[in-house]
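Work through the exercises below with the model open. Try each task before you read its solution.

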Amino acid sequence: MLTIHDYLNALKNGGYRITDQRRAVCDYLARTESHPTPSEVYAQVSGSHPEISRATVYNTLNVLRDLGAIVEISVGGDHTHYDTNPQPHVNLVCLRCGRVYDYAGDVPLGALYESVHAQTGFQAVSAQVQMMGFCAECQARKRDEFRRQLQASTASLREETN
Ligand SMILES: [Zn+2]
Ligand SMILES: [Zn+2]
């Protein structure tokens with residue numbers, strides 16, 4: 001994970017001035033372990049910096065993305081999340097609740113880099129892998145809903161036959 005100093009250095013090296021507001025955004029990014037959306041970042045940062053505008057937060061996020069300090073993940077529609085984990089890893093994206101989280105297990109991305117390089121000559125330096133599907137909670141909720149529907153339909157069936 002990057003520290004606040006890594007983010008501030010990225011801004012400095014990019015030629016950007018460090019304002020209190022940019023520092024507040026960097027501070028939040030250094031502390032979060034989730035994959036926040038732009039409006040989540042705004043909600044969190046404006047809690048401690050009520051004077052900060054949405055435009056300033058979004059602008060800072062765009063700058064940090066362009067500098068490569070954070071990675072933008074687009075999850076269909078207008079769902080944008082920011083990833084603060086610079087290590088190659090797999091993001092698990094739930095299509096039902098929209099949650100994005102890191103897969104912490106070992107991912108053989110090195111082997112993938114090698115076969116990509118062997119076949120195309122492309123030299124990969126980093127990778128973002130998005131795996132779409134349904135999280136464990138959403139699957140459990142779906143099973144519950146299905147069970148309730150089944151109970152409701154057998155109940156009405158019973159009423160009809162009585
Ligand atoms: Zn889910
Ligand atoms: Zn991630």
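Two strands count as paired if DSSP finds at least two bridges between them. Keep in mind that this is a predicted model.

**Exercise 1. In which sense do strands S3 and S5 pair, and over how many bridges?**

Solution. Find S3 at residues 89-94 and S5 at residues 128-133. Count the bridges: there are six. The sense is parallel. Now take one position: leucine 92 stands opposite methionine 131 in S5.

**Exercise 2. Which residue of S4 is the bridge partner of leucine 92?**

Solution. Locate S4 at residues 100-103. S3 and S4 run antiparallel, joined by four bridges. Within S4, tyrosine 101 is the partner of leucine 92. Then look at the hairpin of S3 and S4, with five residues between the strands. There, glycine 98 has a positive phi near 80 degrees.

**Exercise 3. Classify the packing of helices H1 and H2.**

Solution. Start with the geometry. H1 covers residues 4-13 and H2 covers residues 20-31. Their axes lie 8 Å apart, at an angle of about 135 degrees. The crossing is right-handed.

**Exercise 4. Which residues of H1 and H2 meet, and of what class are they?**

Solution. From H1, take Ile4, Tyr7, Leu8 and Leu11. They meet Arg22, Arg23, Cys26, Asp27, Leu29 and Ala30 in H2. Sort the contact by class: seven residues are nonpolar, three are charged and none is polar.

Technical notes: Residues are numbered from 1 along each chain as its sequence is written. Chains are lettered from A and ligands numbered from 1 in the order in which they are written. This is a predicted model: local features need pLDDT of at least 70, side-chain atom pairs count only at pLDDT 80 or more; totals for chains, interfaces and linings use all residues. Axes are lines fitted to C-alpha atoms, for helices over the stretch in contact, and angles run from 0 to 180 degrees between N-to-C directions. Helices (H or I, at least four residues) and strands (E, at least two) are DSSP runs, numbered from the N terminus. A crossing is left-handed if the near helix is turned anticlockwise from the far one by less than a right angle, and right-handed if clockwise. Two residues are in contact if their C-beta atoms, placed from the backbone, lie within 7 Å. Ala, Val, Leu, Ile, Met, Phe, Trp, Tyr, Cys and Pro count as nonpolar, Asp, Glu, Lys and Arg as charged, and the others, Gly among them, as polar.
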